[in-house]
Amino acid sequence: MDFSLPPLLTSLVDRGNGLLWGSVLIYLLIGAGLYFTVMTRGIQVRYFGHMFKLLRSSRQSNGGISSFQALSTSLAARVGTGNLAGVAVAIYFGGPGAIFWMWMTAMVGMATSFVESTLAQAYKTDHGDNTFRGGPARYIERGLGLRWLAMLFSICLIIAFGLAFNSVQANSIAQAMEQAFAIPTWAMGLALMAVVAPIIFGGLKSIAKVAELVVPLMALLYLVLALVVVGLNISDLPAAIMTIARSAFGLEQAAGGAVGYAVSQAIMNGIQRGLFSNEAGMGSAPNAAATASTRPDHPAAQGFIQMLGVFLDTLVICTATAAIIIMAGPELMAGDENNGIQLTQMALSSHVGDWGGMFIAVAILLFAFTSVIANYSYGESNIEYLAGRRAPVAVLVYRLAVLAMIMVGSVASLGAIWNFADLSMGMMAIINLVAILLLSPVAFSLFRDYENQLKAGKEPVFDPSRFPKLVNKVDPKAWPKK
């Protein structure tokens with residue numbers, strides 16, 4: 001069954017994407033990332049090793065959700081179709097140079113992720129079951145006092161993650177399994193619903209446990225295969241890197257006089273797919289970041305952990321996919337039908353044989369499956385925020401709607417779903433970026449406090465009474481006075 005948006009809605013979605021991605025978001029996203037990078041004096045470079053150091057103590061949660069589980073949940077959402085199908089889409093429409101702009105988006109996005117995740121921790125609320133809730137909705141209301149804007153963000157997130165993004169993930173799973181094993185898309189949709197249902201009905205702790213087990217394993221297996229491909233084609237590696245660099249700045253198209261258009265397509269597709277993949281600044285990962293019991297006991301600790309998530313997603317896993325595709329040669333991109341997950345499957349098959357397509361099918365099944373459950377968790381947190389006392393009923397309705405959209409996405413056309421997802425993501429990102437820019441002085445104060453305690457040889461501990469802008473706004477149950 002083919003699904004497409006009505007012509008009028010399609011036109012509105014296309015115009016919205018053109019406005020958001022053609023000008024507003026590109027400048028806001030990169031500008032905010034650069035600003036946060038400058039104000040933290042290159043936090044993503046200076047504290048690169050510290051991110052990994054924190055992982056050693058992040059598995060301790062005292063019965064709640066650990067920092068590692070929160071990272072795994074956010075990586076479950078990040079590492080999905082954006083890393084396999086999304087990279088292929090970026091290269092197909094923007095050329096190899098789009099990968100360079102994905103890297104740049106990730107580099108500045110690491111600082112953005114630190115700011116938004118630190119704020120999510122600072123303003124988190126106690127959920128009463130040894131876990132916490134938080135994210136943009138909470139820090140917009142508590143930090144800025146703008147409940148209407150917080151509610152608007154929550155609505156956008158629920159639409160984007162519960163509906164559009166889960167449809168995208170289901171779409172990629174169904175297409176990959178049909179390509180590799182000739183499984184009908186409708187059958188894959190039913191199977192996916194059956195597996196997802198018991199996990200999401202188990203709540204956020206259940207999701208965190210599944211993510212903690214599956215995400216590290218699937219990422220490691222995929223990276224090992226990518227390294228094998230690069231090793232088999234090591235002589236082509238310098239040429240592949242040069243292709244990315246030349247395409248990023250239009251040098252490949254200079255002779256044809258199409259430099260401006262080529263560069264704009266590389267930038268737009270690279271930033272679009274980069275943000276879709278690593279989610280820095282979108283306001284999604286902070287929902288996972290807020291659930292954690294941090295080690296050390298300071299909001300900035302989870303900021304560092306989530307900053308690592310952006311690095312692993314784009315600069316490691318997306319780069320692995322790009323290497324597989326680019327090293328396979330440009331002839332694979334000649335057909336219009338190979339502009340998504342099929343391109344990645346065909347590229348890997350050209351390196352390792354027919355089983356490569358099957359491997360990608362299994363990889364996208366795991367990657368997108370974990371994205372579905374993580375996307376659901378983001379929506380649940382915001383459903384609870386909006387519904388208040390009626391949360392149990394609202395969450396039940398939301399769970400059923402998510403399962404329905406998984407089925408719809410399995411049989412939908414790729415273009416319509418991607419376009420709708422881009423619009424939803426753009427609206428979310430604008431609201432969140434404006435909010436974290438306004439609240440950035442709080443995040444910078446928390447970073448300085450953490451940094452000063454480290455320099456003094458202490459394990460950083462958060463004391464709300466030391467922060468005039470936070471002392472009356474934090475949840476005392478989540479952050480008791482030290």
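Buried residues, meaning those under 20% relative accessible area with a 1.4 Å probe and protein chains only, make up 61% of the 482 residues in this chain. The model is a predicted one, in which local features need pLDDT of at least 70, side-chain atom pairs count only at pLDDT 80 or more, and totals for chains, interfaces and linings use all residues. Residues are numbered from 1 along each chain as its sequence is written, and side-chain values use heavy atoms, with hydrogens and water left out.

How confident was the predictor? The mean pLDDT (confidence in each residue, from 0 to 100) is 80, and 87% of the residues reach 70 or more.

Now to the fold itself. The chain has 18 helices and four strands, taken as DSSP runs numbered from the N terminus (helices H or I, at least four residues; strands E, at least two). Of the contacts (heavy atoms within 4.5 Å) between residues at least 6 apart in sequence, 82% join residues at least 24 apart.

Finally, look inside at the largest cavity. Its lining includes Ile65, Thr73, Leu204, Asn287 and Tyr378; lining residues have an atom within 4 Å of a cavity point, on a 1 Å grid over the protein atoms alone, where a 1.4 Å probe fits but cannot get out. Helices H10 (204–232), H13 (285–289) and H16 (355–387) each give two or more residues to this lining.

Technical notes. 1 Å grid on protein atoms, 1.4 Å probe; cavity = no way out; pocket = protein on both sides within 12 Å on 5 of 7 lines; lining within 4 Å. Buried < 20%, exposed > 50% of the residue type's maximum accessible area, 1.4 Å probe, protein only. pLDDT = per-residue confidence, 0-100.
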